[in-house]
Amino acid sequence: MVFGPASRLGVSLFEETPSLELMPGHSQEEVETVILAVYRHVFGNAYVMESERATIPESQFKRGELSVREFVRALAKSDAYRSRFFDTCPRYRFIELNFKHLLGRAPDGLEEMRTHSTILDTQGFEAEIDSYLDTDEYQNAYGENIVPFYRGYKTQPGKNMVGFTHMFALLRGASSSDFKGSISGKAPVLNKFVIQETPLPIVPPSGGTVGDGWAFQEYAMNARSRAGLGAQAEGKVYRITVTGYRSSGTTVINKVSKFRRSNQVYLVPFDRLSQEYQRIHKQGGVIASITAVN
């Protein structure tokens, strides 16, 4: 079951698209469709140039010498995948993307991240890729001939809600790219949130207008403000994430520039929430999320 309206959360395309399986007696056109789907999933929707394609595994797959699973393995071990997601990315960014690209979910927690970090240290890059594809989880989810798909945005029996919310931080809509389109760049998206097993607010991806919501990202400390919090503040404290502020330092033909400043995070006690709402709206800010801190 999907949490909330799929269209608002940026996953409606995944929810409405059935899984793709290469069936016996397939046509050449169906084979080409599967090849493109595997590239799109394994490379996180990033554009792959013709010169970067794995021509030998493609030919083997077209001749029926490779299953979908083995074709996925070949792409994940390719020079193109390695150069994009391993050679130039921090270790934990690489691992969280492997979970997304190969198992269709976010890592469950610190122990899973540690396990894969150890595999990298002791056995290397190719063994790390195999450690996802040779699991019962992969077999049960995709078998030999189903193209991997994103599963982590759905609530699942036996899975905690922390990993579920983390998936929304990794998966920012069907048009996002893990290569150049990620708001985190090459830095880990989850990082300390996996280590501390901290759930994240589920925020809709960017929609092009102020009211459509904004993609989640971790904020620098200088973008945080404490609104009246002190030793005597009582009751619950809430974190308000605000975006949509206009820059006040640049003018264009006597009008305030439309370029937006960095998002702001305010820590507000419950008894000041109403007052803070009014102040933010008067300043032109848009509240992206409100989450309890304690």
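1. Helix H5, which spans residues 68–76, is largely enclosed by the rest of the structure, because seven of its nine residues are buried; buried here means under 20% relative accessible area, with exposed meaning over 50% and partly exposed in between, for a 1.4 Å probe and protein chains only. Helices are DSSP runs of H or I with at least four residues, strands are runs of E with at least two, and both are numbered from the N terminus.

2. This is a predicted model, in which local features need pLDDT of at least 70 and side-chain atom pairs count only at pLDDT 80 or more, while totals for chains, interfaces and linings use all residues. Residues are numbered from 1 along each chain as its sequence is written, and side-chain values use heavy atoms, with hydrogens and water left out.

3. The buried residues of H5 are Val-68, Arg-69, Phe-71, Val-72, Arg-73, Leu-75 and Ala-76. What covers them includes helices H3 (28–42), H4 (55–62), H6 (79–85), H7 (91–103), H9 (125–133) and H10 (136–142).

4. A search of the whole structure finds 12 aromatic pairs, where rings of Phe, Tyr and Trp (its six-membered ring) pair if their centres lie within 6.5 Å, and planes under 30 degrees apart count as stacked, over 60 as edge-to-face and the rest as tilted. Phe-94 and Phe-125 form a stacked pair, because their ring centres are 5.9 Å apart and their planes are at 25 degrees. This pair links distant parts of the chain, since Phe-94 is in helix H7 and Phe-125 in helix H9, 31 residues apart.

5. Phe-94 is buried, with a relative accessible area of 1%, and Phe-125 also counts as buried, at 6% relative accessibility. Arg-82 lies over the face of Phe-125, at 4.7 Å from the ring centre; a charge sits over a ring if NZ of Lys or CZ of Arg is within 6 Å of the ring centre and within 35 degrees of the ring normal.

Terms used
Contact means heavy atoms within 4.5 Å.
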